[in-house]
Amino acid sequence: MKSSSLCKPWEHRLSRRQVLGGMAGAAAAGLGLGSLAQPLLAQELKKQQKQVIFVWLDGGLSQLESWDPKPGTQFGGPFRAIPTSVPGLHISELMPQMAKRMHHMALVRSLCTKDNSHSAGVARIQRGDPKNRGVTYPYFGSAVAKLLGAGDSGLPPYIWVKPGGGGFIDKDAGFLGAKYGALALGDGKPPENLLRHPSLSQRDDEERNALRRMINERYARNRRPQSNEANSYVYDMASALMQRMDLFDESKVPDSDWDRYGRTEFGRHMLIGRRFAEAGVTFVKINSYGWDTHGDNFNGHLSLVPKVDQALAAMVDDLIDRGMWDNTLLIMMSEFGRTPRINGHIGRDHWPEAWSVVMGGTGLKEGAVIGKTNEQGTWVEGDEHDIGHMFHTWFRALGIDPHRVEYDNAGQPLPIAHDDCHEIQEVLA
Amino acid sequence: MNEALLKRYKPKEQAVLSVPETQMSLVRFSGDGQLLLTAGWDGQVHRWRLGDGEPAALPAVAGHGGWVTGLVCHPSQQMAYSADSWGKLQAWDSAAESPQAAWSVAEAHDGWIQCLAISADGKLLATCGNDGFVRVWNAADGKLVRELPRRPHPVYSVAFHPAGESLVSGDLLGKVVETNLADGQEVRTFDAGILFAVSRLQDVGGVRYLTFDRDGKTLAAAGTIPSGGGTVQGEPCILLFDWADGKQLHKVVLGPKNECYVHELILHEEGFIIAVTSGTPGSGRLTFTIPGEEKPFFVGPNTLQNCHSVALHPDGQRLVVISTSRGSNGNGRPLKDGKYLGNHSPITLMELGAA
């Protein structure tokens with residue numbers, strides 16, 4: 001792994017107690033802060049706070065026009081395949097930037113999931129399709145927010161950068177409770193009305209908040225604690241974000257960064273996502289919509305895929321250059337792939353039977369290629385992997401043992417990933 | 001007039017050809033009208049000899065990679081030219097039993113050649129592609145004659161003016177450029193920007209087809225007026241321009257948004273447009289339309305759906321259309337007898353005015 005002289009995000013995450021402790025120690029020893037801070041940093045490094053960057057291409061990226069091309073076959077489409085930095089591995093010509101970086105990545109080409117509808121597929125995939133136990137499981141982002149916590153960044157643990165509107169999306173949290181929902185930054189912008197209105201003095205604002213807390217506490221006395229916790233949490237979160245408005249200041253982003261990520265909506269959102277990850281957010285989800293290419297699939301992918309290729313490659317470079325790669329799990333996927341068969345609108349439909357996911361970073365074997373599809377790209381040859389296998393793998397990569405760690409749903413122990421699935425050992429470092 | 005035209009040109013099906021599980025994008029008649037050629041997504045050009053009886057299949061022409069995306073025939077010689085999505089351009093004897101390439105250019109473009117055109121005298125070829133280039137080739141030996149300045153977007157369509165002095169090319173953004181063939185200089189542009197839109201992250205549409213009427217007085221630019229990306233939707237549209245002054249004469253919309261793209265068209269010498277459209281599976285038709293009139297005076301049967309190419313026989317009395325097999329779409333695994341089947345492209349030969 002390339003070393004970096006740049007400071008690491010977790011180096012900025014010393015808790016107030018640790019800083020005060022360090023300062024006290026430094027004072028007692030009559031030494032400067034720097035010399036005593038190092039052991040604290042070392043301890044902090046040991047903890048290696050893990051992070052996730054989860055890129056979601058909503059609607060369904062075609063595996064045949066990306067990670068698993070079948071050029072020159074019946075369903076192969078018009079594009080060529082190109083060699084990559086992993087000997088013997090070819091991907092679509094639409095991804096020249098990622099082709100140069102595949103030795104950092106791990107590719108699973110044997111996904112076989114079960115749902116071919118968007119409405120059920122998105123939730124099913126992002127919840128990891130656990131066994132039905134009569135509860136609604138959390139999305140991966142909420143699960144990670146719960147299991148890894150918020151760290152010491154002071155920022156919400158689950159940030160979602162997405163096109164369109166934003167807000168607090170509590171449905172992602174399922175039975176974990178609304179507190180573990182996603183803070184969605186619509187178009188990467190801060191939530192509306194985040195900052196105190198200029199007409200309101202700070203003192204008035206503080207008094208209002210004190211009143212709100214008092215009323216909340218009274219309201220919560222005879223009610224389930226989760227709802228009040230979530231309500232208070234949103235206010236706390238807003239307060240934390242108000243302290244980090246610098247993260248939304250795009251004027252400070254160098255031109256070279258915009259160029260590298262691409263001056264597109266997706267490039268911008270990926271760059272914003274990187275900034276939040278750098279700031280220490282545990283789970284950053286970045287969405288792109290418009291991938292449901294039932295019509296004009298090939299010209300559509302010709303337009304779409306290179307933009308994702310550019311931004312994803314820039315993200316890989318930055319995570320490596322900033323020393324974040326070994327602690328960050330980077331994943332890019334959709335709710336399913338697209339049919340080998342090409343319809344009359346020169347489109348591809350929904351295909352959960354044989355598709356791919358690409359990932360990289362912490363806990364994963366670099367340059368791994370797991371599973372394969374047949375010559376036509378219609379079915380998986382060998383072991384099929386469902387989303388449950390991926391959840392096991394991702395948790396394991398994050399240092400969470402999915403066989404031992406359980407959720408506690410008001411006293412009911414629940415597995416964090418599908419009981420009948422297991423991690424894909426070949427992809428783990 | 002419509003009734004008279006309908007009587008004179010109403011098509012009647014003569015034969016339907018196909019190659020199992022093979023989809024086609026283009027259909028052409030040879031210059032002498034003896035052959036029918038189609039461009040396949042299997043990297044082959046499929047051929048049939050036309051006679052009094054059923055068309056007789058000839059061996060397919062190989063040598064391409066990816067999809068065959070360009071196909072033209074010499075107007076007076078037994079030569080055909082084909083281009084593919086991997087960037088290759090080649091020439092071959094269209095009537096030979098087992099045609100060998102007369103010449104080929106393996107990397108005529110970097111990747112997908114979107115369109116191939118031939119000049120009226122058969123001396124020049126023009127290609128354009130996703131690499132943003134438009135190139136002009138000597139049809140006799142495949143030598144590069146001219147390369148136009150690279151555009152930052154895919155160039156989808158190219159056509160020679162019948163007088164032989166100009167070339168037009170249409171790109172993703174809806175810009176149609178006239179180029180002087182003698183010096184390669186840009187002469188003027190035509191605005192077909194309504195055929196392009198940005199939908200979320202996706203650039204949608206573009207000038208998908210360009211053609212002239214026989215006299216070169218009218219230029220047609222076709223595609224869709226996009227209303228969304230992903231599953232692209234949009235009104236199928238043809239823009240007609242007066243070649244003399246460059247002004248737009250008509251905007252012909254051939255159907256609702258689900259019909260989407262005009263894939264190809266013919267400006268018939270009697271003033272109407274023969275066009276094929278394709279959109280949401282099951283939609284897309286063969287239409288005969290008089291510019292300025294609200295509706296087509298002929299719409300093909302719904303057995304001809306998702307039509308991608310149309311050609312008029314040199315005798316003017318026969319028409320051929322490439323469409324798509326019915327029930328072409330569907331999520332998940334539709335199996336037939338345990339096998340996952342692909343679609344195919346019915347090739348429908350029709351006689352005009354025989355109904």
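Q: Which residue is the bridge partner of A:Y158 in strand 8 of chain A?
A: That's A:F283. This is a predicted model, so local features need pLDDT of at least 70, side-chain atom pairs count only at pLDDT 80 or more, and totals for chains, interfaces and linings use all residues. Residues are numbered from 1 along each chain as its sequence is written, while chains are lettered from A and ligands numbered from 1 in the order in which they are written.

Q: What counts as a strand here, and what counts as pairing?
A: Strands (E, at least two residues) and helices (H or I, at least four) are DSSP runs, numbered from the N terminus. Two strands pair if DSSP finds at least two bridges between them.

Q: Ok, how do strand 5 and strand 8 of chain A pair?
A: They pair in the parallel sense, over four bridges. Strand 8 covers residues 283-288.

Q: Which residue of strand 7 of chain A is the bridge partner of A:V161?
A: A:L185 is the partner there. Strand 5 and strand 7 (residues 182-186) of chain A also have four bridges, in the parallel sense.

Q: Is strand 5 of chain A buried or exposed?
A: Five of the five residues of strand 5 (residues 158-162) are buried, so the strand is largely enclosed by the rest of the structure. Buried means 20 or more other C-beta atoms within 10 Å of the residue's own, exposed means 12 or fewer, and partly exposed is in between, with C-beta atoms placed from the backbone.

Q: Which residues point which way from strand 5 of chain A?
A: A:Y158, A:W160 and A:K162 point one way, and A:I159 and A:V161 point the other way. In a regular strand the side chains alternate between the two faces of the sheet.

Q: New topic: which residues of helix 4 of chain A are buried?
A: A:G121, A:R124, A:I125 and A:Q126 are the buried ones in that helix, which spans residues 118-127.

Q: And what do those buried residues pack against?
A: They pack against helix 5 (140-148) and helix 11 (387-397) of chain A. Contact means that the C-beta atoms of two residues, placed from the backbone, lie within 7 Å.

Q: What happens just after helix 4 of chain A?
A: A:G128 takes a positive phi of about 80° there. A:D129 has a positive phi too, about 45°, although it is not a glycine. A:D129 lies in the loop between helix 4 and helix 5 of chain A.

Q: Is A:D129 buried or exposed?
A: A:D129 counts as buried, because it has 22 C-beta neighbours inside 10 Å.

Q: What about A:A410, buried or exposed?
A: A:A410 counts as exposed, because it has 9 C-beta neighbours inside 10 Å. A:A410 has a positive phi of about 50° without being a glycine, and its place is in the loop between strand 16 (406-409) and strand 17 (412-415) of chain A.

Q: How do helix 9 and helix 10 of chain A cross?
A: The axes of helix 9 (residues 265-278) and helix 10 (residues 297-321) come within 9 Å and cross at roughly 20°. The two helices are therefore roughly parallel to each other. Axes are lines fitted to C-alpha atoms, for helices over the stretch in contact, and angles run from 0 to 180 degrees between N-to-C directions. Under 35 degrees is roughly parallel, over 145 roughly antiparallel, 65 to 115 roughly perpendicular, and the rest oblique.

Q: Which residues make that contact?
A: Helix 9 of chain A gives A:F266, A:G267, A:M270 and A:R274. From helix 10 of chain A come A:K307, A:V308, A:Q310, A:A311, A:M315 and A:D318.

Q: How many bridges link strand 3 and strand 4 of chain B?
A: Five bridges, in the antiparallel sense, between residues 35-40 and residues 45-49. B:T38 stands opposite B:H46 in strand 4 of chain B.

Q: Last one: how many residues of chain B are in contact with chain A?
A: 41 residues of chain B are in contact with 38 residues of chain A.
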